[in-house]
Amino acid sequence: MKLFDVYPLYPIELVKAQGSTVWDKNGQEYLDLYGGHAVISIGHSHPTYVAKMTEQLSNIGFYSNSIHITGQAELAEKLGRVSGYPSYQLFLTNSGAESNENALKLASFHTGRKKVVAFTKAFHGRTAGAVAVTDNPSIVAPINDTSHVTFHPFNQIEGLSDVITEETAAVIVEGIQGVGGIQVASTPFLQALRQHCDETGAQLILDSVQCGYGRSGKFFSHQYAGINPDMMTTAKGMGNGFPIGGVLIAPHIQASYGLLGTTFGGNHLACTAANVVLDIIEEENLLANATQIGTYIEQELAGIQGIKEVRGRGLMIGIELEEAVGPIRDALLHQHHIFMGYAGKHTLRLLPSLAIDQAIADRFLESLRSVLKG
Ligand SMILES: Cc1ncc(COP(=O)(O)O)c(C=O)c1O
């Protein structure tokens with residue numbers, strides 16, 4: 001059997017990782033500033049993470065949601081406290097798309113409505129509901145094409161009252177658009193969404209899959225705007241590479257047996273991963289580190305020729321270049337051995353571990369200066 005060929009691949013095979021360093025099978029060392037797409041939050045193979053995961057696996061790795069799993073309750077308590085949402089409820093999933101899918105379903109169950117407002121350049125995942133609210137027709141299969149979704153220009157307040165109405169079940173928005181090129185949702189825009197949802201009863205979902213879990217320097221990027229969503233969705237950095245996602249659900253949305261479900265979501269190993277990640281985020285002060293190192297990088301980038309604009313918050317940084325991003329990214333990877341992300345034709349995306357230090361930042365800045373000088 002062949003693999004279903006949907007990913008263009010770099011001819012690199014990684015065999016080892018530690019912190020922000022990864023090694024290929026030939027022993028070549030790379031600096032990882034991409035974190036496997038914003039997934040590596042506390043650093044690769046963190047010793048505490050490895051020890052706790054190994055211990056959990058040797059005790060019990062998996063059982064389904066038909067029994068009590070103490071790691072789930074521990075995670076709900078810890079996540080509520082660390083994120084600043086102690087009164088919310090937690091539903092555990094396996095991925096970002098599944099989190100969004102369940103948040104959309106909950107909004108629809110709760111309101112009894114079908115319509116959703118989403119935004120231009122949004123990305124919310126590949127499952128049926130998530131892809132329907134994703135603004136990219138090329139990934140929407142005919143079966144997922146629905147008239148229930150209205151796309152409104154991102155960050156545009158004008159016209160919101162026409163699209164968010166008493167027929168709207170949910171408004172779904174990223175606090176910082178990732179795939180859309182690191183575009184930060186403005187404070188007035190997020191506050192206007194909250195107000196229109198309050199006026200109409202629509203449920204506000206903040207997709208925090210990429211911009212959440214401390215990446216922006218606050219636990220959730222919308223906390224810069226001082227709003228409280230009805231639901232937040234998470235995944236990526238939550239398990240530092242072990243698949244786990246979640247929906248944080250406001251207290252007014254009621255659970256009932258059978259309303260949602262999953263086989264794998266919230267299993268023993270996944271909860272252990274997520275609990276260690278939150279412990280390390282707290283113990284190593286990673287939110288403060290994301291702000292400090294992110295601010296340093298942004299300030300330094302401002303002085304580099306060939307950069308048109310720097311966007312983002314904390315360690316979610318978009319670097320818009322004057323030239324095409326492909327050759328720059330290739331040069332960083334093949335000549336300087338640095339993994340980076342990208343968005344669109346001109347934007348480099350920096351999504352490193354939240355634990356990077358200034359020496360790593362300087363190594364990246366020096367390499368970028370050298371590549372852009374050509
Ligand atoms: C903002 C956002 N939402 C949802 C997803 C989908 O997450 P997953 O690939 O875990 O399903 C992504 C993935 O890149 C994302 O960036």
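Predicted model: local features only at pLDDT ≥ 70, side-chain atom pairs only at ≥ 80, totals over all residues.
**Helix packing, domains and ligand shell**

User: Which hand is the crossing of α2 and α8?

Analyst: Right-handed, as α2 passes α8. A crossing is right-handed if the near helix is turned clockwise from the far one by less than a right angle, and left-handed if anticlockwise. Helices here are DSSP runs of H or I with at least four residues, strands are E runs of at least two, and both are numbered from the N terminus.

User: At what angle do α2 and α8 pack?

Analyst: About 155 degrees, with the axes of α2 (residues 47–59) and α8 (residues 268–283) 9 Å apart. Axes are lines fitted to C-alpha atoms, for helices over the stretch in contact, and angles run from 0 to 180 degrees between N-to-C directions. So α2 and α8 are roughly antiparallel. That label needs over 145 degrees; under 35 is roughly parallel, 65 to 115 roughly perpendicular, the rest oblique.

User: Which residues make the contact?

Analyst: From α2, T48, Y49, K52, M53, Q56 and L57. From α8, H268, L269, T272, A273, V276 and I280. Contact means C-beta atoms, placed from the backbone, within 7 Å. The α2–α8 contact has seven nonpolar, four polar and one charged residues. Nonpolar is Ala, Val, Leu, Ile, Met, Phe, Trp, Tyr, Cys and Pro; charged is Asp, Glu, Lys and Arg; the others, Gly among them, are polar.

User: And how do α9 and α11 cross?

Analyst: At roughly 25 degrees, with the axes of α9 (residues 286–301) and α11 (residues 358–373) coming within 10 Å. That makes α9 roughly parallel to α11. Their crossing is right-handed. I293, Y296, I297 and E300 of α9 meet Q358, A361 and L365 of α11.

User: New topic. What are the domains?

Analyst: Domain 1 is 69–254 + 261–283, and domain 2 is 288–311 + 365–374. The bounds come from an automatic or database domain assignment. The C-alpha centres of domain 1 and domain 2 are 29 Å apart. Six residues from domain 1 and four from domain 2 make their contact.

User: How many residues surround the ligand?

Analyst: 14, the closest being S95, G96, A97, G125 and V209. A residue counts if its C-beta atom, placed from the backbone, lies within 6 Å. Helix α4 (residues 96–111) gives the most to this shell, three residues.

Methods. Residues numbered from 1 in each chain as written. Contact = placed C-beta atoms within 7 Å.
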